Amino acid sequence: MHPVQTKTVLAVGDTGAGKSFLLNLLVGRTAFHSSNSLESVTKECQMAAALDSELGVEFKFIDTPGINDTEMTPDTVRDRLWEFGYWAPEGVHAVLVVIPRGPPSTAPTPWSQ
């Protein structure tokens, strides 16, 4: 086996976009709570790791609160998003921008006001 390298992947996107669901698929298990609704589930950054033994790479996947969280103020969301640094003090290797399937919402958000 090769020496293990660590690669960190950060997922960002709107509330209900499917960040937690996508990361669960990538991790290969239910590591992040997700639901089939537009209500916010993730309130703080969370991390789960998965080892690819063939590549000798440990992937650290970081889930974040939704950009337009339905229950937090924009300032709180911003502060919670910056918490990813706790899980990735060395930085991130990739950022997944998760966009929900379907037509874009035209509803005003706290970020657009």
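**Figure 1. Three helices and four strands make up the secondary structure of the chain.** The model shown is predicted. Read from the N terminus, its elements follow the order β-α-β-β-α-α-β. The chain has 113 residues, and 33% of them count as buried.

**Figure 2. Contacts and surface of the chain.** Take the contacts in the chain with a separation of 6 or more: 63% of them link residues 24 or more positions apart. The accessible surface is about 7,200 Å². Carbon and sulfur atoms supply 57% of that surface.

**Figure 3. The four strands form an open sheet.** Across the sheet, the order is β2-β3-β1-β4. The pairing is mixed. Strands β2 (46–52) and β4 (94–98) are the edges, and each pairs on one side only. On average, neighbouring strands are turned by 25° against each other, direction ignored. In general, strands of a sheet pair through backbone hydrogen bonds, either parallel or antiparallel.

**Figure 4. Strands β2 and β3 run antiparallel.** Strand β3 covers residues 57–63. Seven bridges join β3 to β2. Look for Ala 50: Phe 59 in β3 stands opposite.

**Figure 5. Helix α1 packs on the sheet.** This helix spans residues 19–27. Helix α1 touches β1 (5–13), β2, β3 and β4. The direction of α1 makes about 165° with that of β3.

Key. Residues numbered from 1 in each chain as written. Predicted model: local features only at pLDDT ≥ 70, side-chain atom pairs only at ≥ 80, totals over all residues. Heavy atoms only, no water. Helix = DSSP H or I, 4+ residues; strand = E, 2+ residues; numbered from the N terminus. Buried < 20%, exposed > 50% of the residue type's maximum accessible area, 1.4 Å probe, protein only. Contact = heavy atoms within 4.5 Å. Areas by Shrake-Rupley, 256 points an atom, 1.4 Å probe, with all protein chains shown as cover. Pairing = 2+ DSSP bridges. Axes fitted to C-alpha atoms, helices over the stretch in contact; angles between N-to-C directions.
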